[in-house]
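Subject: Structure for your attention

Dear colleague,

Please find the structure below. My notes on what was found in it follow directly after.

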Amino acid sequence: MQVLTIWPGLLIMFFMFDTLEGYIKPGSPEEKLVQQIDFSRLPVHVAIIMDGNGRWAHQRNLSRTEGHKAGTESVKEVVEASARLGIKYLTLYAFSRENWKRPKEEVNTLWKLLYDYLMEQKQVLLQNDLKLKVIGDKKGIPYPVRRELNSVERQTRNNQRMTLILALNYGGRQEILEAIKKVLKRKSKPDEVNEQMFSRYLDTAGIPDPDLMVRTSGEMRLSNFLLWQIAYTELYITPILWPDFRRIHLFEAIIEYQKRERRFGGLGEGKNDR
Ligand code: IPE
Ligand code: IPE
Ligand code: MG
């Protein structure tokens, strides 16, 4: 590691994510898992439904707020681990359109935690060449949070290493309806509407569909997440509650993903001529 003697340099060193080297302890259970990962077949895009903060808190007799706070630690770890692994797109479902149904205090807490996360992590995103992108209805996001999101998106727009996509005030159905409205406004002829052109009207325009979708806390549902984009995504549901989710669980999900045979409706590799 580079030795930096000046204070700003020290700050840079502190924030830099390198590769997995030095991040994973030799001989640790994490290292054993990492050795099983085929780095030539990593999922390009991983999407995560971060669920279970409330249950995690309940199990510990804590408030739901404490659960959400603990969840932000998992966010930091998963962002870092994903970037170090070489994942190109990481989408995190942080607030659904339907989450407004929760008590006002909880909703406020969630937006406050996001604001604090941004203030604390924007340097990390900048230093590590990570690009922030928001999907969802931004207009409904409380103004101070929206302003900060816009600013971080602007500052990181040319970053290349990994895109961190936050799904905020997001709903899959609403995203599809908005896209339909835009297509209709363009007065496209019905024959001009196809999958490729339609995808360009979604919030995820230009982003490849997720290869792997992880949901924590065991619920077997999609909760209005990326409905269009997950047509052929591999689903991985783990009982681990989001605040307990660590890089080791991400490695497990990737290993499981690599064992799957993705057929996309065909017969699978090398089986077409049988
Ligand atoms: C996920 O945890 C966080 C958000 C939905 C914002 P939950 O708050 O849904 O936790 P559970 O499902 O009640 O355990
Ligand atoms: C999905 O979790 C939304 C997020 C993780 C942001 P929910 O906890 O809101 O989903 P349901 O209500 O259990 O389906
Ligand atoms: Mg939940």
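An oxygen atom of ligand 1 lies 2.7 Å from an N or O atom in the side chain of Arg55, a polar contact, that is, a pair of N or O atoms within 3.5 Å (within protein, one must be able to donate a hydrogen and the other to accept it, and residues adjacent in sequence count only if both atoms are side-chain atoms). Taken alone, ligand 1 exposes 380 Å², of which the protein buries 87%; accessible areas come from the Shrake-Rupley method with a 1.4 Å probe, and for residues only the protein chains shown count as cover.

This is a predicted model, in which local features need pLDDT of at least 70 and side-chain atom pairs count only at pLDDT 80 or more, while totals for chains, interfaces and linings use all residues. Residues are numbered from 1 along each chain as its sequence is written, chains are lettered from A and ligands numbered from 1 in the order in which they are written, and side-chain values use heavy atoms, with hydrogens and water left out.

Ligand 1

The backbone also takes part: a polar backbone atom of Gly54 is 2.9 Å from an oxygen atom of ligand 1, and one of Asn53 is 3.1 Å from an oxygen atom of ligand 1. There are 13 residues around ligand 1, and Asp51, Gly54, Arg55, Arg64 and Arg102 come nearest (a residue is near if one of its heavy atoms lies within 4 Å). Helices H3 (53–59), H4 (64–85) and H5 (104–127) each supply at least two residues of this shell, and H3 gives the most, with 3 residues (helices are DSSP runs of H or I of at least four residues, strands are runs of E of at least two, numbered from the N terminus). By class, the shell around ligand 1 holds 3 nonpolar, 5 polar and 5 charged residues (Ala, Val, Leu, Ile, Met, Phe, Trp, Tyr, Cys and Pro count as nonpolar, Asp, Glu, Lys and Arg as charged, and the others, Gly among them, as polar).

Ligand 2

The residues surrounding ligand 2 include Asp51, Tyr93, Phe95 and Ser223. Strand E2 (residues 89–96) gives the most to this shell, with 4 residues. Oxygen atoms of ligand 2 lie 2.9 Å from a polar side-chain atom of Asn99, 3.2 Å from an N or O atom in the side chain of Arg102 and 3.4 Å from a polar side-chain atom of Arg215. Ligand 2 taken alone exposes 390 Å², and the protein buries 78% of that. The shell around ligand 2 comprises 5 nonpolar, 3 polar and 4 charged residues.

Yours sincerely
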